[in-house]
Every structure is written in structure tokens, then in C-alpha cells.
Amino acid sequence: MAATLIDGKAFAAKVRGQVAEHVARLKTEHGITPGLAVVLVGEDPASQVYVRSKGKSTVEVGMNSFEHKLAPTISEQELLGLIDQLNNDPAVHGILVQLPLPKHLDEDLVINSIAPEKDVDGFHISNVGLLGTGQKSMVPCTPLGCLMMLRDHHGSLSGMDAVVIGRSNIVGKPMAQLLLGDSCSVTIAHSRTRDLPDVVRRADIVVAAVGRPEMVPGDWIKEGATVIDVGINRIERDGKTKLVGDVDFASAAERAGAITPVPGGVGPMTIACLLANTVTACCRANGLAEPEGLTA
């Protein structure tokens, strides 16, 4: 393999260590403990795993974890009532509603009922607008993790040509805004982009977030480019279940200068950045200086 491996697991451990240090200082110097509330509606197995992992990680860095597990039949009014309570609870600095929600609940309405300053997922329409106009916001966790890894690998991203494959509100669009903020020239590509291989081949940075297993082959990658693979796809191969990204890792690694693996790349950074966002929200709520290097 020619490419340098960008170890998201190791980098996430470093970020969690930084978060733990800031949490300890907040407790010692200001008597404040950051708190993260996670709301889980229903019994989706994947969501249950994510929530357990988030709760464990929150406690490990010294923060307060508040878990609210609700019946799948809960009414919209009841859920909005809980969110209102959390919005007004000074011990809660970050609120995360685990998605997807049951179909009878309006996800946009629920997300936009979270106080923007406590929206540690960065999905509230106010945070989307603030990010899009270059103002201080809560930044979505997965794109923030990608940006952190790119900054760590390259230092300055100024002037680099970046292609983001995927236009989701959760990853693709905010990723493009963050790269623009770091002075990249940015193209958002997707399944209907004309001459997609040629578009990708000109990029110094490729962020693949399209949700299609191994969609991007190695011959789409410019020699020496940095590849950030956001995809996590479960496939059957040789009679076994395997996790793969949106990029064909083996062929891309022969051409790329650096690449994230799947698993062990972007995934661990998402929870690390959730913790970082909670500390940032806590500092902002208390008029304290934000921790350096933990936000955009």
C-alpha cells in the first residue's frame, strides 16, 4: 500500500483526551460539569448500540450523561415537552435526539425544537444557516471530524482542490462549507454529476459520503490525493459480512497519498466530536473561552 493510513481510532483517542482535560479544568476552575442528554425513541438495535456507546464515552471523559429512552409510541407533543425541559435545564449543555425517529414523528420539527446553542449534532436550521454564512455555530460531528483529520495531516488546506461526493444535509453540504471556510476550492458531486470520474480525478482532497459500497475505484483518485471515506456499508463477501466504505480501499490506496480505512477511520471521530461539541457548548453557555482545536 502506497498511501499513508489516517488512523481515525488513534486520532479520536487524542481528541477524547483533550476533551477530558478541558472537562477537568471546567470542574476544578469553575465548578462546572458539562452535561449531554441523549434521547432515544423506540428500540432500533443500531440506535441502541450508538446510544450506549455515546453514554459510555460521555462518562469516560468526566461529563454528565443523561439518557432518555422513550417508547416508540410516544406522541409528538410528549417528545417536544421533554426537549423543552432539557432546553431549560442548566445542567444540560448538549442535546442529541437519536435518528431515525418512528415515522409518526416529524424529524425536522423535533430537531428544530432543540435550542440551537444545545444542538450538538449541528442539525438545527439556525446552525445550518450560521455555518453556511461563516458565523459561529454548532458544527455537525462527522464533517467536523473529517476537517480535524485533514488539518492534522496537511496543516493548511488553503488553495487545495476538494471534491465532496454526496450532498446530504448531515455530511455532504456541511463538509463543503467547512472546506470553503478553510479556503479550499470545493465541488459537491453526486450520482448525477456528469463525468464524475474526471471531476474526482482533479481533486487534492476527496471526501466520499454517498452511501454506496466501494463506488469510488482507485483509478478515480489523483496521484497523491487525500481520501476521506465517510461511508460505512455492510456487505456480504465470500460468505461473510464485511464493513466497507464508499471507496474501494485497496485500489485507492495504491494511488492516494493518504486515506482513511473503514472501519477505524471517520467513524470513531464522530463520537469524539460529539463530546468536543458538548464542551464547546458548555463554554459558550458560561461565557468561557472555547477549547482550542476542538471546533471549526
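**A chat about helices, strands and cores**

Guide: Let's start with a pair of helices: helix 2 and helix 10 cross in a right-handed way, where right-handed means that the near helix is turned clockwise from the far one by less than a right angle, and left-handed means anticlockwise. Helices (H or I, at least four residues) and strands (E, at least two) are DSSP runs, numbered from the N terminus. By the way, this is a predicted model: local features need pLDDT of at least 70, side-chain atom pairs count only at pLDDT 80 or more, and totals for chains, interfaces and linings use all residues. Residues are numbered from 1 along each chain as its sequence is written, and side-chain values use heavy atoms, with hydrogens and water left out.

Visitor: What's the angle between helix 2 and helix 10, and how far apart are their axes?
Guide: The angle is about 50° and the axes are 10 Å apart. Axes are lines fitted to C-alpha atoms, for helices over the stretch in contact, and angles run from 0 to 180 degrees between N-to-C directions. Helix 2 and helix 10 are therefore oblique to each other; under 35 degrees would be roughly parallel, over 145 roughly antiparallel, 65 to 115 roughly perpendicular, and the rest is oblique.

Visitor: Which residues meet there?
Guide: Ser-53, Lys-54, Ser-57 and Thr-58 from helix 2 meet Ile-271, Leu-274 and Leu-275 from helix 10. Contact means heavy atoms within 4.5 Å.

Visitor: New topic. What's the strand order in the open sheet?
Guide: Its six strands run 1-11-8-7-5-6, with parallel pairing. Two strands pair if DSSP finds at least two bridges between them. Strand 1 (4–5) and strand 6 (185–189) are at the edges with a single partner strand each, so one side of each has no neighbour in the sheet.

Visitor: And what packs on the sheet?
Guide: Helix 6 (residues 141–154) does, touching strand 7 (205–208), strand 8 (226–229) and strand 11. The direction of helix 6 makes about 160° with that of strand 8.

Visitor: How many residues are in the largest nonpolar core?
Guide: The count is 53, and Val-19 and Leu-179 have the most contacts inside that core. Helix 10 gives the largest share, 11 residues. A second, separate core has 21 residues, including Ala-3 and Met-215. A nonpolar core is a set of buried Ala, Val, Leu, Ile, Met, Phe, Trp, Tyr and Cys residues joined through side-chain atoms within 4.5 Å.

Visitor: Where are the cis peptide bonds you'd point out?
Guide: One goes from Leu-99 to Pro-100, with omega near 5°, and Pro-100 lies in the loop between strand 4 (94–97) and helix 4 (107–111). Another joins Val-262 and Pro-263, with omega about 0°.

Visitor: What about the phi of Asp-195?
Guide: Asp-195 isn't a glycine, yet its phi is positive, about 50°. Asp-195 is exposed, with a relative accessible area of 57%.

Notes:
Buried means under 20% relative accessible area, exposed over 50%, partly exposed in between (1.4 Å probe, protein chains only).
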